[in-house]
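Biologist: I'd like to learn how to read pockets and helix packing in a model. Could you walk me through one?

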Amino acid sequence: MTTTATPPAGGPAVRAGRPGAAHPPRRPRRGRRIPLPYLLLLPALLLELLVHLVPMLIGIVMSFRELTQFHIAHWDGAPWAGLDNYAVSVDFDAPVGAALLRSFATTCVFTLSSVAVCWLLGTAAALFLQDPFRGRGLLRTLFLVPYALPVYAAVITWAFMFQRDNGLVNHVLHDQLGIGDAPAFWLIGDNSFWALLAVSVWKGWPFAFLIVMAGLQNIPRELYEAAALDGAGVWRQVRHVTLPALRPVNQVLVLVLFLWTFNDFNTPFVLFGRAAPEAADLISLHIYQSSFQTWNFGTGSAMSVLLLLFLLLVTGGYLLLTTRGRNSADV
């Protein structure tokens, strides 16, 4: 049984059986501990540092050195070249600069064409499969097959299909449909650009389809019902309801497709080998040839840095324009 001591006049009552009960409980001191989320992110940050940032910094240092086959064993001791490698790369009157400019123009045309067709096909397929019907799940699975296949296996298959004498493409176009006087060469000459574009679109449009299909799930059905009651047809619903609602999704989708396509190295390398035709000489493969075939790693590193600066400039300008457009639309 707890007894209560008689307090002095005007003082609070204190329980005798609980010493110190009148004082508030002390909070335990917290030591300096690293939060668990940062510990879980630490391995990923270390791998990002080792895989991306460190090689990028080394490549920037290499671009300022005269790094050729004579100094490759001890690249850190190569002579300092300053901005000479950059001057050679942007000298468009010289052979090296002219070839780089031609490759850059080819890459721009290829990237814009591929991104436009991928977005168009992906959006059309997503709109077609928006409403439920029998067999929709099977079509979704089939549409995602190119995105799920390994890049090397898919591109090697396309390389066999583009063979002139026994390829499937010439068999269908020339032998079955009678298009052209003779089977076409798809992996050399001007047709190589269209072959590369076909492969890029084939393996890129399912990603656009997947992203747009996910974005369509967030559009309320009430908007379509209200538009239908107002007399809007299918095309007007797509134009005034679907596309404005998909604007944030499309902004990210177009940027990701642009960066992936502009930097694509695996597709032209597997399709054409180390030496791509001039019509399909993408800048990623051109930098590889300038570095590992001529053994001029200093110039190749300078080209890579220029490509990085260009992509950063395009990305920053694109985000600035889209952000302003979104803010003005909200106002």
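**Pockets and packing**

Modeller: Let's start with the second largest pocket: its lining has 10 nonpolar, five polar and two charged residues. Here Ala, Val, Leu, Ile, Met, Phe, Trp, Tyr, Cys and Pro count as nonpolar, Asp, Glu, Lys and Arg as charged, and the others, Gly among them, as polar. Keep in mind that this is a predicted model, where local features need pLDDT of at least 70 and side-chain atom pairs 80 or more, while totals for chains, interfaces and linings use all residues. Residues are numbered from 1 along each chain as its sequence is written, and side-chain values use heavy atoms, without hydrogens or water.

Biologist: What volume does the second largest pocket have?

Modeller: Rolling a probe the size of a water molecule over the atoms shows where empty space is left. On a 1 Å grid over the protein atoms alone, a pocket is an open set of points where a 1.4 Å probe fits, with protein on both sides within 12 Å along at least five of seven lines; lining residues have an atom within 4 Å of a point. For the second largest pocket, the volume is about 310 Å³, taken as the space filled by probe spheres set on points joined across faces, edges and corners. Of its 17 lining residues, Tyr147, Val151, Lys203, Gly204 and Trp260 are the closest to the centre. α8 gives the most to this lining, with four residues; helices are DSSP runs (H or I, at least four residues), numbered from the N terminus.

Biologist: And which residues are closest to the centre of the largest pocket?

Modeller: That pocket holds about 810 Å³ of space. Among its 22 lining residues, Pro55, Met56, Ile287, Ser304 and Val305 lie closest to the centre. α14 (297–330) is one of the helices supplying at least two lining residues, and it gives the most, with eight. By class, the lining of the largest pocket has 14 nonpolar, eight polar and no charged residues.

Biologist: α13 also lines the largest pocket. How many of its residues are buried?

Modeller: Buried means under 20% relative accessible area (1.4 Å probe, protein chains only). In α13, nine of the 10 residues are buried, including His286 and Tyr288.

Biologist: At what angle do α3 and α8 pack?

Modeller: Axes are lines fitted to C-alpha atoms, for helices over the stretch in contact, and angles run from 0 to 180 degrees between N-to-C directions. α3 and α8 pack at about 40°, with axes 6 Å apart. They are therefore oblique to each other (under 35 degrees is roughly parallel, over 145 roughly antiparallel, 65 to 115 roughly perpendicular, the rest oblique). Their contact has 19 nonpolar, seven polar and no charged residues.

Technical notes. Buried < 20%, exposed > 50% of the residue type's maximum accessible area, 1.4 Å probe, protein only.
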